[in-house]
Amino acid sequence: MHTVGTATFSSMDDARERYADAGPTAQTVVREVAKAMAFDREEYGERVTSDVVETARDVLFASSLAVTVGTREEFDDWRESYEGEVSVIGNENVDRVVWHAGPDEEAVAATFQNEEEAAVSTLRRQAFGRLYREYVERSES
């Protein structure tokens with residue numbers, strides 16, 4: 001069993017702060033990518049919308065989430081001791097699982113057989129969508 005990523009949160013306020021902190025980095029990433037793609041000022045203005053920057057921020061936030069990778073047995077052991085709700089996606093007849101527990105006693109998990117990197121990426125998208133999006137984006141309104 002091992003962990004990929006570093007971001008864990010003790011509260012949704014911590015998650016909101018991390019999400020807000022990702023905003024300037026997302027703007028810089030998008031600006032530099034647009035520059036590398038040789039966008040002129042007009043094309044930049046037309047194509048680089050607030051939705052584009054928000055998507056980059058979502059990805060930066062989600063890509064930092066700490067995800068545990070383990071065997072089915074390790075996951076089952078963890079799940080027994082976890083007091084919150086766990087949503088599992090995937091096939092229950094495979095040998096490996098990735099999971100992330102959010103700060104509000106809710107976790108998500110995804111099963112996989114061989115493609116760890118793809119499973120981690122999928123789980124991070126699921127975790128962002130199911131555990132964080134509603135809370136972090138609401139704070140931006």
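Helices (H or I, at least four residues) are DSSP runs, as are strands (E, at least two), and they are numbered from the N terminus. This is a predicted model, in which local features need pLDDT of at least 70 and side-chain atom pairs count only at pLDDT 80 or more, while totals for chains, interfaces and linings use all residues. Residues are numbered from 1 along each chain as its sequence is written, and side-chain values use heavy atoms, with hydrogens and water left out.

View 1. Welcome to the first close-up! A salt bridge here is a side-chain nitrogen of Lys or Arg within 4 Å of a carboxyl oxygen of Asp or Glu. By this rule the count comes to 5 salt bridges. E32 is partly exposed at 40% relative accessibility, whereas K35 is exposed at 57% (buried means under 20% relative accessible area, exposed over 50%, partly exposed in between, with a 1.4 Å probe and protein chains only).

**View 2. R47 pairs with E43 in helix 2.** Helix 2 covers residues 41-47, and its R47 and E43 are 4 residues apart, about one turn of the helix. Their closest N and O atoms are 3.0 Å apart. R47 is partly exposed, at 46% relative accessible area, and E43 is partly exposed too, at 26%.

**View 3. D58 and R133 join helix 3 to helix 5.** The closest N and O atoms of this salt bridge are 3.5 Å apart. D58 lies in helix 3 and R133 in helix 5 (residues 116-138), so the pair ties together parts that are 75 residues apart in sequence. D58 is buried, with 11% relative accessible area, while R133 is partly exposed at 35%.

**View 4. Helix 1 packs against helix 3.** Helix 1 (residues 12-36) and helix 3 (residues 50-63) meet at an angle of about 125°, and their axes are 8 Å apart. Axes are lines fitted to C-alpha atoms, for helices over the stretch in contact, and angles run from 0 to 180 degrees between N-to-C directions. Contact means heavy atoms within 4.5 Å. Among the residues in contact are Y19, Q27 and V30 of helix 1, and V52, D58 and F61 of helix 3.
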